[in-house]
There are 2 protein chains.
Amino acid sequence: MPKISHRGMQMPPSPIRKLVPYAEAAKKKGIRVYHLNIGQPDIETPPQILDAVRHSTFKVLEYSHSAGNESYRKKLTSYYARFDIHLDYSQIIITTGGSEAILFAMMSCLNPGDEIIIPEPFYANYNGFAMEAQVRIIPVTSTIENSFALPPVKDFEKLITERTKAILICNPNNPTGYLYSREELETLREICLRHDLYLFSDEAYREFCYEGSHFSALQLRGMKENVIVLDTISKRYSACGGRIGAFVTKNQTVLDSVMKFAQSRLSPPSFAQILGEAAVDLPADYFDHVKEEYRSRRNLLVKMLNDIPGVKCPRPGGAFYAMAQLPVDDADTFCQWILEEFAFKNQTVMLAPASGFYASSSLGKQEVRLAYVLNKNDIQHAMECLAEALKIYPGKKETTEVLARSNV
Amino acid sequence: MPKISHRGMQMPPSPIRKLVPYAEAAKKKGIRVYHLNIGQPDIETPPQILDAVRHSTFKVLEYSHSAGNESYRKKLTSYYARFDIHLDYSQIIITTGGSEAILFAMMSCLNPGDEIIIPEPFYANYNGFAMEAQVRIIPVTSTIENSFALPPVKDFEKLITERTKAILICNPNNPTGYLYSREELETLREICLRHDLYLFSDEAYREFCYEGSHFSALQLRGMKENVIVLDTISKRYSACGGRIGAFVTKNQTVLDSVMKFAQSRLSPPSFAQILGEAAVDLPADYFDHVKEEYRSRRNLLVKMLNDIPGVKCPRPGGAFYAMAQLPVDDADTFCQWILEEFAFKNQTVMLAPASGFYASSSLGKQEVRLAYVLNKNDIQHAMECLAEALKIYPGKKETTEVLARSNV
């Protein structure tokens, strides 16, 4: 029997999805499971953008241009202009989800063995794309004590080698919800210019900022050749299944290279490009309503978490995730136990253990990520379950700051 | 300015799309361009499968399961059963087009530097996926004199090294239209079992066989661990823009590995999965009509090509492509010239130069690929243009068999 590849063996399973079999088993026992593990919003996709697809009249479901429909790309320039980001449509390549934009960035800008610095904890699937591109992720640790702020410049600089090619941030952050300030972005600018690095900025959650406003990497001056923004409609319009994202840069050489990768996979999905194009025309107050809903969910979740003895949760400034430290021996074990062994009023909760969001193997053992993508009633029930579970969990343990501080 | 990657530089441009700027310039001059360069069928997508999407009523465009909707995967087992291929739905992973299935196969089964043997000429985008996976394509040459039949076993065996991990075929073939016989498949089975190789079989054009019937690699006995079928709905239902394909194997270890790659990109597009599922219910005679249309186009195209002095075109047994040898110095130059410098009755034709479909750099210089995806009237006009163009092309040259025979 032929062997599978090393990367096939080494690919880490998704920390967000790896406990799915335990959740399915719980459901089979008749237990209701609140899914706070995955960023699948329950918010309805705006009906008018679904209708743009449903009322379409084309007769052949053709390939689009490899860079996406020109009409969509042109329309997107007006979306970005609202954020004071001024682009020509040729600087936007439509991708199959934000996922493909991340993969294209790594493939086009880094050689196998090259290094990319990413503040950890980070979106776990970056590991998968780095494995595909044979790129080494070098983590720089942000800590829960510091609410996951950007690590100091010296922490970045001591990691830079001749193989370092890029820094990747997610702003606002998944999984921490941290919203980087303009000053932090300026710090990254300085580092990138000094060391001739790319700055990849994953701005999937741009619209969901609850304290202050978003400052995009594309707004940094003098960074035309360095900045690549990785974008997606998934969370923005509750349209995760569309699989439409965007690769945005002003660096023409990078665009030319990415176009070749884009051509090799022919085109991004046609249906959801229609939806994405219609989304740019949503009324201006669309995000106000959605943001208000997420803000109130966040407030409830964070309050209820911090009310549980031994639980710490910094207040996230954006996105719809929170990281919490739990008084447990091992969050992986706990997250499995709460699905397998526990129920309160015939309900339980699914969380994402944080270890999979850290590249440093010793970190995040007491942390979990929670996605506040459920309505407040469900969040309330889920938090009650968590509080009850922590009362009786056999592997209870004081939270300690030692682990989070270590950078091994 | 940071550098782009070696792969970003080395990625070959698409031979199918690289002449697009010349076609656009011709159109701006008011010339009608017949597109025989690209496999974008003009046949209508069956309205009932478009309606399945248009009449959908879901409210949230959610991620699907990373392996695709269970209902779709289960339904697909009945599609394959029609070809005497018996699968459990867990052996089918829905992908983003056939493209992603090819990438997953290379990523999961081959290490960087490993070798995959592919009969050339081959689908040019295999180059792109091999570049992404850092896999070496080793071509084994099939010749126009032999109508692009499977090269003899000895040609394969002399290429096999300790780095060889797989053989990849496309059946029926893009770009040659060659339909592999059961005997040829049995030959590949023998080679793969003897040398412990994977057999990747791209069966995108399974339904379009005009002489005899299709024998799938999944029908080979004793090859459970070796065979991976790469599939797509794109051409089958004239649904290229859906970006829905499938990765099919009975090898559980490979499935487990591919699932990790699938999870890292979250899910395939949701809209077109609905379309794909509806397509399995199309009436049994759907393909009869479509196949009959392609068959008559093929007959017309091949006859008109062979009627042009100096042109040779073997009769393809399947798919909707034909390879023709032209009496020209260099097909790349000719294909550009016919767009840039030529028009007949204010019309011209766009062809794909074959050099991009060969890995051996000296081959295919006099060959072009033609996709018979236009109606017969258009094919007729396109062939008239080609005949007139060859009368006056300044770089005219006898066709020679020397180039095609060389395997350098």
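## Domains of chain A

In this predicted model, 41 residues of domain 1 of chain A are in contact with 34 residues of domain 2 of chain A. The domain assignment gives domain 1 of chain A as 6–44 + 286–405 and domain 2 as 47–279. Taken over C-alpha atoms, the centres of domain 1 and domain 2 of chain A are 26 Å apart.

On the side of domain 1 of chain A that touches domain 2, the elements giving two or more residues are helix H1 (6–10), helix H11 (286–307), strand E9 (321–325), strand E12 (367–371) and helix H14 (402–405) of chain A. H11(A) provides the largest share of this side, 5 residues. The classes of the residues on this side of domain 1 of chain A are tabulated here.

| Class | Count |
|---|---|
| nonpolar | 21 residues |
| polar | 10 residues |

## A sheet in chain B

Chain B has an open sheet of 7 strands with mixed pairing, in the order E2-E8-E7-E6-E5-E3-E4. Strand E2 (92–95) and strand E4 (136–141) of chain B are at the edges with a single partner strand each, so one side of each has no neighbour in the sheet. On average, neighbouring strands of this sheet are turned by 25° against each other, direction ignored.

Strand E5 (164–170) and strand E6 (198–202) of chain B run parallel and are joined by 5 bridges. Opposite Ala166(B) stands Tyr198(B) in E6(B). Helix H8 (182–195) of chain B packs on the sheet and touches E5 and E6 of chain B. The direction of H8(B) makes about 165° with that of E5(B).

Helix H9 (252–264) of chain B lies across E2, strand E7 (227–232) and strand E8 (245–249) of chain B. H9(B) runs at about 25° to E2(B).

Definitions and conventions. Residues numbered from 1 in each chain as written. Chains lettered and ligands numbered in written order. Predicted model: local features only at pLDDT ≥ 70, side-chain atom pairs only at ≥ 80, totals over all residues. Domains from an automatic or database assignment. Contact = placed C-beta atoms within 7 Å. Helix = DSSP H or I, 4+ residues; strand = E, 2+ residues; numbered from the N terminus. Nonpolar A, V, L, I, M, F, W, Y, C, P; charged D, E, K, R; others polar. Pairing = 2+ DSSP bridges. Axes fitted to C-alpha atoms, helices over the stretch in contact; angles between N-to-C directions.
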